[in-house]
Amino acid sequence: MRLDKFLSGALQIPRSAARALAGSGRVTVDGQLCRRADAAVPDGALVALDGAPLTREEHVYLMLNKPAGVVSASEDGRDTTVVDLVRGDYPRRELFPAGRLDKTSTGFVLLTDDGPFAHRLLAPRRHVPKTYRVGLDGPVTGAMVEGFAAGVTLADGQTLHPARLVPDPADPCAATVVLTQGVYHQIKRMFGVYGLGVDSLHRTAIGGVELDPALAPGRWRPLTAAEKDAIFAPAR
Ligand code: URA
């Protein structure tokens, strides 16, 4: 494997940054300084940065702040996808979103190439909570809070798991919703039962991990090892 590819995978940085790093004189291969990005790294070689050994990560886990208008898919003939946003930096990874947001929704989407991890995250029996900030076209009432907690019955007769609805004390038309289930258009349909329309929907957390406020819409970063574990923790 080429050194720049190794560095890019090990540090989860774009290939261009890996090339620059290789040229910086901070990288050794089996103890020898190596400045050539295209140098071949033999199987089992010890690659080190500033003297610290690196291991190449098997999988990629990215936290993306999805902008409105982008679809939660790997490929789409018409619209830009969440994977299109990161593909330039991970050209050889088979990334996909672990869970979907509607095209108009924004916020935390987890992109990975680890199928079993995504399966664990999405398995209905695991109930990994997802937290949303919601803007509505009318005020939230106590009846809605109680109805969400009991389990809303949708127009098609389906009764949902209990969900947490926390009104925003500063804005009667805004709330936080925590779901442990992933039904198509779930929040819009839940509020629809009470005659309210959803004006904005932003996912702020998956499990115990909050969307990094430093990520502007369309930006992403790798999850830290601690965040990867905290994905399966309760919402904070
Ligand atoms: N519920 C919705 O209605 N839309 C989303 O994107 C997520 C949850």
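An oxygen atom of the ligand lies 3.3 Å from a polar backbone atom of H185. On the side-chain part of the site, an N or O atom of D102 is 2.8 Å from a nitrogen atom of the ligand. Polar contacts are pairs of N or O atoms within 3.5 Å; within protein, one atom must be able to donate a hydrogen and the other to accept it, and residues adjacent in sequence count only if both atoms are side-chain atoms. The residues around the ligand (a heavy atom within 4 Å of it) are L101, D102, S105, Y132, H185, Q186, I187, K188 and L201.

The model is predicted, with local features requiring pLDDT of at least 70 and side-chain atom pairs pLDDT 80 or more, whereas totals for chains, interfaces and linings use all residues. Residues are numbered from 1 along each chain as its sequence is written, and side-chain values use heavy atoms, with hydrogens and water left out.

Three domains were assigned (bounds from an automatic or database domain assignment): domain 1 covers 3-54, domain 2 covers 61-124 + 217-224, and domain 3 covers 129-206. The centres of domain 1 and domain 3, taken over C-alpha atoms, are 48 Å apart. A search of the whole structure for disulfides (cysteine sulfur atoms within 2.5 Å of each other) returned 0. With a relative accessibility of 13%, C34 is classed as buried, while C173, at 25%, is classed as partly exposed. Buried denotes under 20% relative accessible area, exposed over 50%, and partly exposed the range in between (1.4 Å probe, protein chains only).

Helices and strands are DSSP runs numbered from the N terminus (helices H or I, at least four residues; strands E, at least two). Helix α1 (3-11) is mostly covered, with 7 of its 9 residues buried. These are L3, D4, F6, L7, S8, G9 and A10. They pack against α2, β1 and β3, where contact means heavy atoms within 4.5 Å. Q12 follows α1 and has a positive phi, near 55°.

Within α1, D4 has a relative accessibility of 0% and therefore counts as buried. The side chain of D4 makes a polar contact of 2.9 Å with the side chain of R2. Residues up to four places away in sequence aside, D4 touches R15, A18, R19 and A37.

In helix α2 (residues 15-23), the buried residues are R15, A18, L21 and A22. Viewed down the axis of α2, these buried residues fall within an arc of 115° (from the directions of the C-beta atoms relative to the helix axis), so they line one face of the helix. The packing partners of the buried α2 residues are α1, β1 (27-29) and β3 (47-49). After α2 comes G25, which has a positive phi, near 85°.

L46 is located in the loop between β2 (32-33) and β3. The relative accessibility of L46 is 48%, so L46 counts as partly exposed. Apart from neighbours within four places in sequence, L46 contacts T28, V29, D30, G31 and P53. V134 is 88 residues from L46 along the chain, and the C-alpha atoms of the two residues are separated by 49 Å.
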